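Subject: Structure handover and what turned up in it

Hi there,

Here is the structure I promised to pass on. Please have it open while you read, as the notes below walk through it region by region.

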Amino acid sequence: MHSLLLTDSSTLLVGGLQNHILEIDLNTVQETQKYAVETPGVTIMRQTNRFFFCGHTSGKVSLRDLRTFKVEHEFDAFTGSLSDFDVHGNLLASCGFSSRLTGLACDRFLKVYDLRMMRAITPLQVHVDPAFLRFIPTYTSRLAIISQSGQCQFCEPTGLANPADIFHVNPVGPLLMTFDVSASKQALAFGDSEGCVHLWTDSPEPSFNPYSRETEFALPCLVDSLPPLDWSQDLLPLSLIPVPLTTDTLLSDWPAANSAPAPRRAPPVDAEILRTMKKVGFIGYAPNPRTRLRNQIPYRLKELDSEFDSFSQVTESPIGREEEPHLHMVSKKYRKVTIKYSKLGLEDFDFKHYNKTLFAGLEPHIPNAYCNCMIQVLYFLEPVRCLIQNHLCQKEFCLACELGFLFHMLDLSRGDPCQGSNFLRAFRTIPEASALGLILADSDEASGKGSLARLIQRWNRFILTQLHQDMQELEVPQAYRGAGGSSFCSSGDSVIGQLFSCEMENCSLCRCGSETVRASSTLLFTLSYPEGSNGDKTGKNYDFAQVLKRSICLEQNTQAWCDNCEKYQPTIQTRNIRHLPDILVINCEVNSSKEADFWRMQAEFAFKMAIKKHGGEISKNKEFALADWKELGSPDGILICPSIEELKNVWLPFSIRMKMTKNKGLDVCNWTDGDEVQWGPARAEEEHGVYVYDLMATVVHILDSRTGGSLVAHIKVGETYHQRKEGVTHQQWYLFNDFLIEPIDKHEAVQFDMNWKVPAILYYVKRNLNSRYNLNIKNPIEPNVLLAEASLARKQRKTHTTFIPLMLNEMPQVGDLVGLDAEFVTLNEEEAELRSDGTKSTIKPSQMSVARITCVRGQGPNEGIPFIDDYISTQEQVVDYLTQYSGIKPGDLDAKISSKHLTTLKSTYLKLRFLIDIGVKFVGHGLQKDFRVINLMVPKDQVLDTVYLFHMPRKRMISLRFLAWYFLDLKIQGETHDSIEDARTALQLYRKYLELSKNGTEPESFHKVLKGLYEKGRKMDWKVPEPEGQTSPKNAAVFSSVLAL
């Protein structure tokens, strides 16, 4: 216990280091209320007619409601700890300790807050070390500030402290331990460490209360005077025996499993009462039927029905009771994840909390990032991943190229999330995507307008078609030839077509008897549900294979043109399959309640059939007896029956078997592991046109009326991915929810509770698909990307050239140094909100785009001369050019009027990718942000960042300008930033680092250099002094390379 507050004559609040505050009634001497405190450690409490004020050990002061005790406002007074505070009128004054290098130090600035505006006003500097303070409002709002050494100073909270107002208390002990002011404000009382009280008054006879209550002391121990107890009396209360304090477990401490609360359900209301009831508003009145005695209701404990048991197991959700009740059932890992931004951006956000695997998630804050789950599905398709990463073309906005770059980042990442900003940028430029309604505005994405399930299914069809077209424009790579040596695909087709395309015959039969047959192909199928089954509540049992066959071999009646009749006639259109795809893609089209009811009904049928099949041997959970485990360990052990939870809401099979018949028909059936024992291995049957498809991924729509829901994917990750990332060879199902990745049980991938989890897309792949192809990846980026290239700018002249391209004999090697710097412009301003305490909370960060990239030679005769200085052309609207920080001016990125060396982002991206793949080491300042905006993943051993080389733990980061002035005696970044200047300066700083640290062999001596750097920075307030006679000079050395050119 640390603090007491008497709220009225009979109520006392008690606080301490616990996470709650107790309210005690002094009349009954009992606890009446317990208030939870979010920040534990309440050491000081005050009360006014508006708030309870609680001071915490963390340095905060919280203002709480007088009735509910909820936090209304909060002040961060001190960084260390709080010593004392007081409130008078509209002012709150506080004193405390601040964090220093050596620990906590007493802060000589009193923090003063205005309670009308709820913000801090000018701090008050005092001349003593404040430990206690009180307002003494006699004529003015004077403050009495007391130090533990006995110094006392009086001053006004909004004025200046005068050293003449300091008095000294002569305590008997070395320290003052407490201080208070009388209610009449005529006396001050000081208590010292020796137990003495010192009384100061402003008059010889101060006013005191002569009728105060007597002091109540603790009762003495009554153990020795207890009366003897008679054990023969049954009604004797055993509580008369005092229980000693012990740390051992008592006999009455039952385990939680044996003492779970079991609330009794209220019995139903008598039917006679309900029959005779009359309602007035929402209140019902009925005469007493006199069937029972007054106030007596029998409880039938043995007649608890199963409905009550299931109802009691509904989990509570933090969403709130006002939301739809089905949201309480949504598991936390399926809910939409958001990034909480701080003043450091993403640097202090803990992504590892959401992803403990080595696979990479995708960030969701970029516009149109709803497709993250589908990008992950395509990445974990091994043939698609290898094909896309081998692809490279000359188109500026090629989705296949950008997807290959993103897949390369996912390969390099070791659990850190990636972002698909460049891919989505190219996606937004494609007219077909806009025509299909796939590009969402920021307002639509935030409000959740439209159905995400329909959107992702349209996106699925679009991306397969777009990749198919992109691949058709290039010659098929040699790496994608079949294992048998035959060509991977026919002429005019693409590899995407070979993997996904299904050749079909569409037959139209007119009622006149004429038949028209034409060949076509499709990259995916859409489920077509049986007609008439939705209206029947009982329904009919269908296997998934039956519905799939009906959807593939579709037969429908429609109006079509007949050449024989020369007019539109009712025709019967049928579709037959010529060739099955290697990857079967299915859009579920569950877009209304009818389709959802059909899935729900079929899942119930499948659940009942599974229970009949196992003969009631299904367990309620996954706990088995010891004998069952011994049976599993035997060579003849049989697979244990699944649990009830694993069979609920399951209609989708893990495998399906498809066979082409001689009369161009198609047989489809569900396939289980037991069928393989009966029919033989699937590889042997492929010779007879029989194929087994295994479920590889499911994309589901999570329903949420507040945000429009979200999209997640269940993906079966293969052995090759585990081998590369974790060094183990096994298969595992994972949940991919943007940057949240979690392993799941395989049954969870096919369980669809239609109240909140709706299937959207299914991916089935042929068994042993990866063994059919040579999946080697050859880096398509060649060294000629670094050679000279033409500028997009029409007005560029050779006199404006700021760099010399690399020659063939200058090609970088492994370990070469390259100075790098990038400048950016803003496409979208950040979205933020101001809290009630005045602090800013970032909702959505600003969207940046790279505008200039510079690479400088790090060694050789031309060291310091740039070989890349590209201005990046952009077709998107720029909100802010940030000229003061980037040096980019309006018009620099416009090909019509720019005089700079203007290139596409893809062209410069390829140059940087080649440098990364060749193994160079990048030197720069703040490279983490540069690579993030450029959308590059660079191994940590290839990054030499001066912002971390010249940094001490738990200290601030130092700017490049200050480091250049301190170590190199250079004054850079005068009027604007220049990337050539910054890259060259970072290289020189790295050379200086090697010189000071003796190539890293003397860390202790370099640590002393850093201490001197931080001491100098604090004295200079981290500002570089301006030279005499100039306001903001620009170093002439910046233009040395340009003049040399």
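A quick word on terms: helices (H or I, at least four residues) and strands (E, at least two) are DSSP runs, numbered from the N terminus. This is a predicted model, so local features need pLDDT of at least 70 and side-chain atom pairs count only at pLDDT 80 or more, while totals for chains, interfaces and linings use all residues. Residues are numbered from 1 along each chain as its sequence is written, and side-chain values use heavy atoms, with hydrogens and water left out.

**Overall picture**

The protein has 25 helices and 44 strands. Of its 1045 residues, 44% count as buried, where buried means under 20% relative accessible area, exposed over 50% and partly exposed in between (1.4 Å probe, protein chains only). Contact means heavy atoms within 4.5 Å. Among the contacts with a separation of 6 or more, 60% come from residues 24 or more positions apart.

**The cavities**

There are 2 cavities of 30 Å³ or more in the structure. A cavity here is a set of points, on a 1 Å grid over the protein atoms alone, where a 1.4 Å probe fits but cannot get out; lining residues have an atom within 4 Å of a point. Grid points are joined across faces, edges and corners, and a volume is the space filled by probe spheres set on the points.

The largest cavity holds about 80 Å³ of space. Its lining includes Glu-396, Phe-397, Arg-425, Ser-873, Thr-904 and Lys-906. Helix H6 (421–428) and helix H19 (905–918) each supply at least two residues of that lining. By class, the lining splits into 4 nonpolar, 3 polar and 4 charged residues. For these classes, Ala, Val, Leu, Ile, Met, Phe, Trp, Tyr, Cys and Pro count as nonpolar, Asp, Glu, Lys and Arg as charged, and the others, Gly among them, as polar.

The second largest cavity has about 40 Å³ of space. Among its lining residues are Phe-405, Leu-406, Met-409, Gln-419, Phe-423 and Asn-935. Helix H5 (399–412) and H6 each give at least two residues to this lining, and H5 provides the largest share, with 4 residues. The classes here are 5 nonpolar, 3 polar and 1 charged. Glu-402, Asn-422 and Tyr-909 are found in the lining of the largest cavity and also in the lining of the second largest cavity.

Strand S2 (residues 11–15) is largely enclosed by the rest of the structure, because 5 of its 5 residues are buried. Thr-11, Leu-13 and Gly-15 point one way from S2, while Leu-12 and Val-14 point the other way.

Two strands pair if DSSP finds at least two bridges between them. Strand S1 (residues 3–8) runs antiparallel to S2 and is joined to it by 5 bridges, with Leu-4 standing opposite Val-14. The two form a hairpin with 2 residues between them. On to S2 and strand S3 (residues 20–25): they pair in the antiparallel sense over 4 bridges, and Asp-25 in S3 is the bridge partner of Thr-11. This hairpin has 4 residues between its strands.

**Helix H12 and Trp-599**

H12 has 21 residues and spans 30 Å from its first C-alpha to its last, close to the 30 Å expected at 1.5 Å a residue; the expected span is 1.5 Å times one less than the number of residues. Its buried residues include Ala-596, Phe-598, Met-601 and Ala-610, and the buried residues of H12 pack against helix H11 (544–552), helix H14 (644–647) and strand S36 (757–766).

Trp-599 sits in this helix, H12 (residues 593–613). Is Trp-599 buried or exposed? Trp-599 counts as buried because its relative accessibility is 3%. Leaving aside neighbours within four places in sequence, its contacts include Leu-527, Tyr-529, Trp-651, Phe-752 and Pro-759. Trp-651 is 52 residues from Trp-599 along the chain, yet their C-alpha atoms are separated by 7.4 Å.

**Leu-806**

Leu-806 lies in the loop between S36 and strand S37 (817–828). With 6% relative accessibility, Leu-806 counts as buried. Not counting residues up to four places away in sequence, Leu-806 touches Leu-786, Leu-787, Pro-812, Arg-857 and Phe-867. Leu-806 and Ile-868 are 62 residues apart in sequence and 8.6 Å apart in space, C-alpha to C-alpha.

Note on methods:
1 Å grid on protein atoms, 1.4 Å probe; cavity = no way out; pocket = protein on both sides within 12 Å on 5 of 7 lines; lining within 4 Å.
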